[in-house]
Amino acid sequence: MNVFARLVDATRRYADHPDPRVAAANFTALLVASNQPFYPLYIYWLVGERIEPSLYTFFSTPFFLAVPALARVNSVAGRALLPLAGIGNAIMCANLFGVRSGVEIFLIPCAVLALALFRPGERIVGFALAGITLLAFLWVPRFYGVPLVAYSEQEYTALVRLNAVSAAMLTAFVALMMSNMLAAAESSAETIRGEKAR
């Protein structure tokens, strides 16, 4: 087995969990963390040479990577850490890039994750996280300082496009993951009904 295959296998084992919601949170967290090194490159290729604000996103990487480890200790806390890390990262980036960058759009998948990862008995956690997401969008921006970099109108347009596409893809991924989870639950229920009918 080569190094890449071993790395993939180790990552899969690290993200694996018997609870499908926890496994979904783990996999999403690792997916986000694995994409963070490419964000500065996307900005360089699609926006311009001023990538300095994007380098600060690496401060959030350890939190995304810690989601599966925390979930093994406490599944609710592990799942909660995922949207919290996303909210923190979005706030930091909005402060560094400025709200004109459209980076706050990443709060949408954070809210979706907050509402999708918790069962009805845990719904209070999801609602609380969704509320934090709303506060991050409506209240926190008043405390932002001057952006680290002043981009041109053309660069801001490209940055908004990049962030919108990235957030939309992440939201679509979460929706697909939840759809697969529901399909698996329906299949399991049909199997049980079939066994009872015999």
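Analyst: Start with burial: a residue is buried under 20% relative accessible area, exposed over 50% and partly exposed in between, using a 1.4 Å probe and protein chains only. The model is predicted, so local features need pLDDT of at least 70, side-chain atom pairs count only at pLDDT 80 or more, and totals for chains, interfaces and linings use all residues. Numbering runs from 1 along each chain as its sequence is written, and side-chain values use heavy atoms, with hydrogens and water left out.

Now the rings. Rings of Phe, Tyr and Trp (its six-membered ring) pair if their centres lie within 6.5 Å; planes under 30 degrees apart count as stacked, over 60 as edge-to-face and the rest as tilted. The structure holds 7 aromatic pairs. One of them joins Phe-97 and Tyr-151. Their centres are 6.3 Å apart and their planes 20° apart, making the pair stacked. This pair links distant parts of the chain, 54 residues apart. Phe-97 belongs to helix H6 (residues 75-97). Tyr-151 sits in the loop between helix H8 (123-138) and helix H9 (153-197). Helices here are DSSP runs of H or I, at least four residues, numbered from the N terminus. Phe-97 and Tyr-151 are both buried.

Tyr-151 also pairs with Tyr-156. Here the planes stand at 75° and the centres 5.6 Å apart, so this pair is edge-to-face. Tyr-156 is buried, as is Tyr-151.

Technical notes: Helices (H or I, at least four residues) and strands (E, at least two) are DSSP runs, numbered from the N terminus.
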